[in-house]
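The report below takes the interface before the folds behind it.

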2 protein chains.
Amino acid sequence: MNVQLLMTGNELMSGDIIDTNSAFIAQELMQIGIEIKRRVTIADDLQLLVDEINHNSQKADILIINGGLGPTVDDLTAQALAKACQKPLVENQEALEHLHSWCKYKGIKLTPQNKKQAWLPESADIIANKTGSAVGFELIHNNCQIFCTPGVPKELTHMLQEEIIPVITTKLPESLCIDVSRLLIFGIGESNLQKLIDEQLPNWSNEIELGFRAGMPTIELKLTTRSKKATKEKQYWLDQLKGLLGAHIITDKPISLSEHVVQLLQQSNKTLTTAESCTGGLIASAITQVSGASQVFEAGFVTYSNEMKSALIDVNEQTLITHGAVSEQVVREMAVGALNKSHADYVIAVTGIAGPLGGTKEKPVGTVWIAWGAKGNINTHCFNIKNNRLNFQHHVCTLGLDLIRRILLNCQETPNYLK
Amino acid sequence: MNVQLLMTGNELMSGDIIDTNSAFIAQELMQIGIEIKRRVTIADDLQLLVDEINHNSQKADILIINGGLGPTVDDLTAQALAKACQKPLVENQEALEHLHSWCKYKGIKLTPQNKKQAWLPESADIIANKTGSAVGFELIHNNCQIFCTPGVPKELTHMLQEEIIPVITTKLPESLCIDVSRLLIFGIGESNLQKLIDEQLPNWSNEIELGFRAGMPTIELKLTTRSKKATKEKQYWLDQLKGLLGAHIITDKPISLSEHVVQLLQQSNKTLTTAESCTGGLIASAITQVSGASQVFEAGFVTYSNEMKSALIDVNEQTLITHGAVSEQVVREMAVGALNKSHADYVIAVTGIAGPLGGTKEKPVGTVWIAWGAKGNINTHCFNIKNNRLNFQHHVCTLGLDLIRRILLNCQETPNYLK
């Protein structure tokens, strides 16, 4: 089946935004065994759009158009599709009703600009949009089924997964059978991971494609098979990988590290607190992004200045003077203080130099002390993470969450990054 | 001048990597006044490549092909270009010499796989590659100048900036002059923004293109001009927009809202604290992502549970019982408590229901109370933000920062979202 993508938007051409939608669409279609071979990206230009729709619809069985459904003058998809199909634009009643109820839900007035989103090519069928104002729509042109989808990633996600993929699936031959498994990994670099697999699993089946995706600092390892036989065989190799990588595998489920940590805390009925200096609330934020976090997280402390480390979580002033804010002694006292003040079971405490300013010869930018554990059993470790400020903060956050994950799993093995 | 891009690589199609090269190329060309209107991305497939080269070279003045220059079997660019131009592949002596010296520099042996990179279409001119093994090359086909460039970003950077852009620049008409201005806007929706401009600035110059980019929840408004005359005229329209939108314009500089708030605090030598329930540290994290935040931010409180609201920032237990955690009284006491505990000058406090669970009929998911201001001058407001958990949190964070920004600027006007 020949599926092509047509991405529209000046912002995609100018480099102002990086196109993540096409990767998402590709991955979703890959799950049902469809590989996209061609994608065209064009600016908001009516004639270009019309030309591409006509050209691509002659070659493709399915054409997915993404973007250009909004209320502003540079949103041209409906107009271009109408022109390409030589049909008039008409006010679609279903789309108009959706706009009315969307505005009602949001408590805003329906403007003429918004109403533009209900003008669709005659005979187009609408595709529901559960999270935004612009409905999608589909029609057949040159024997090609054309789906028009919104550029806002969240709206695209719903529409593709819940409305479009089910339709495409009904058209697929039974034999098609791509199967993808993913492992979320932390604490081993990409090239070391490749080397480990090459050396330790030399007989790796060539029917099981390995793909790596660096998630800064986690890595996603993807195993793709293209036949029922290979899919059966895959379980053996997944087990081999699990034996080889141990607790460096965070999960084989489609969840994030913080979701996993919240689940583990829920399962053991325990709570966590945080005392953050250089990460400035990022760890607390990662945890509280997870629905249900309130069961396991009561309080976090962002103690950026020395004075506040003493005032809020009882770090001894003399310890700060003697050892400096970025030290084992201070991070330990931060951890103990946060546990005492919050009555939580576990703690992650961090103090370091995120940079780009603030480094010294003894404590260069990237130095960070992390403390983690439970009352009476606090571990500490010093890391040096060479990276820009934002990636440094994310790396420290991931380290803290991973160390707590290992305690919650009662892991005995020492992770690579502590060796 | 019609410049088109042809990106090649299975990894670009599968979604395993996000294409950042095309954004880079677009931005570099924009600097010399060239806008790319069309980009085609295809898998590593010889016939597809040949078809695209033939098709695109008929329309474009310049075609930049990116990727497929490497040593492996799926690197097909030279072969495809030779086939499209109906020329033989020949061993290019200059390319071979480059490979020899590259291998010598790296201390590795020149393998037959690497030697493949010297086989180029007859009559192609090579383009130097200072950082990798694969030279680029160019030739003219269908009156279109075709540049073949490497997919490795670092190699592309050198080759584009130092070799290709200078060549393209010599072909440009003197008159070409694109100029882009950007405004970061908050508190007006995309369709309302369009409506306001349509209604209030009906004589908008059609030489000044307007582009909207929804940043959830901020919006970037982009004004593009294509002549010196229009660029001069733009300042008038920027002033009109500033008059129309007032403090809804956060900045006309390339910085984020949190960077702007940190700068304003630095300029006025003031400090900020946060007391966060439903945003769980996101506001503190947004501030501390900015280098230099330590001058203006000493402490933040993540008080997720009722007990911790009392224990850490002195919210009266009776207030919590009487009014509930999501109430004006509680958010006000959170703000006052955080100011007292941190000795900061300004505060943002938030308490709400991020969902998807926890809503009631009186206080549905999306309800949030925000308090902001200084000691003795605390403002409060209740919002209802219908969105998923993550976007709800980002929206609340942006509201809090924007409200403090307005105080720091001593804004008298009431923002749309408080009306």
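Predicted model: local features only at pLDDT ≥ 70, side-chain atom pairs only at ≥ 80, totals over all residues.

Residues are numbered from 1 along each chain as its sequence is written, chains are lettered from A and ligands numbered from 1 in the order in which they are written, and side-chain values use heavy atoms, with hydrogens and water left out.

**Interface**

Contact means heavy atoms within 4.5 Å. On that rule, 75 residues of chain B touch 74 residues of chain A. About 6100 Å² is buried between the two chains, and carbon and sulfur atoms give 53% of that area. Buried area is the accessible area (1.4 Å probe) that two parts lose on being put together, summed over both.

The two chains share 2 salt bridges. A salt bridge puts a side-chain nitrogen of Lys or Arg within 4 Å of a carboxyl oxygen of Asp or Glu. Arg38(B) forms one with Glu52(A), with the closest N and O atoms 2.1 Å apart.

Strand 14 (residues 297-303) of chain B gives the most to the side of chain B that touches chain A, with 7 residues. That side divides into 28 nonpolar, 28 polar and 19 charged residues. Here Ala, Val, Leu, Ile, Met, Phe, Trp, Tyr, Cys and Pro count as nonpolar, Asp, Glu, Lys and Arg as charged, and the others, Gly among them, as polar.

**Strands and sheets**

Helices (H or I, at least four residues) and strands (E, at least two) are DSSP runs, numbered from the N terminus. Two strands pair if DSSP finds at least two bridges between them.

| Strand | Partner | Bridges | Facing residues |
|---|---|---|---|
| strand 2 (38-42) of chain A | strand 2 (38-42) of chain B | 5 bridges | Val40(A) and Val40(B) |
| strand 15 (346-352) of chain A | strand 16 (367-374) of chain A | 7 bridges | Ile348(A) and Trp372(A) |
| strand 9 (179-185) of chain B | strand 11 (219-225) of chain B | 7 bridges | Leu184(B) and Glu220(B) |

An open sheet of 10 strands runs through both chains, in the order 17(A)-16(A)-15(A)-13(A)-14(A)-14(B)-13(B)-15(B)-16(B)-17(B), with mixed pairing. Its edges are strand 17 (377-384) of chain A and strand 17 (377-384) of chain B. Neighbouring strands are turned by 10° on average, direction ignored. Axes are lines fitted to C-alpha atoms, for helices over the stretch in contact, and angles run from 0 to 180 degrees between N-to-C directions.

Chain B also holds an open antiparallel sheet of 4 strands, ordered 10-11-9-12. Strand 10 (209-214) and strand 12 (249-251) of chain B are its edges.

**Helix pair in chain A**

The axes of helix 12 (residues 306-313) and helix 14 of chain A come within 9 Å and cross at roughly 35°. Helix 12 of chain A contributes Lys309(A), Leu312(A) and Ile313(A) to the contact. The residues of this contact divide into 5 nonpolar, 1 polar and 3 charged.
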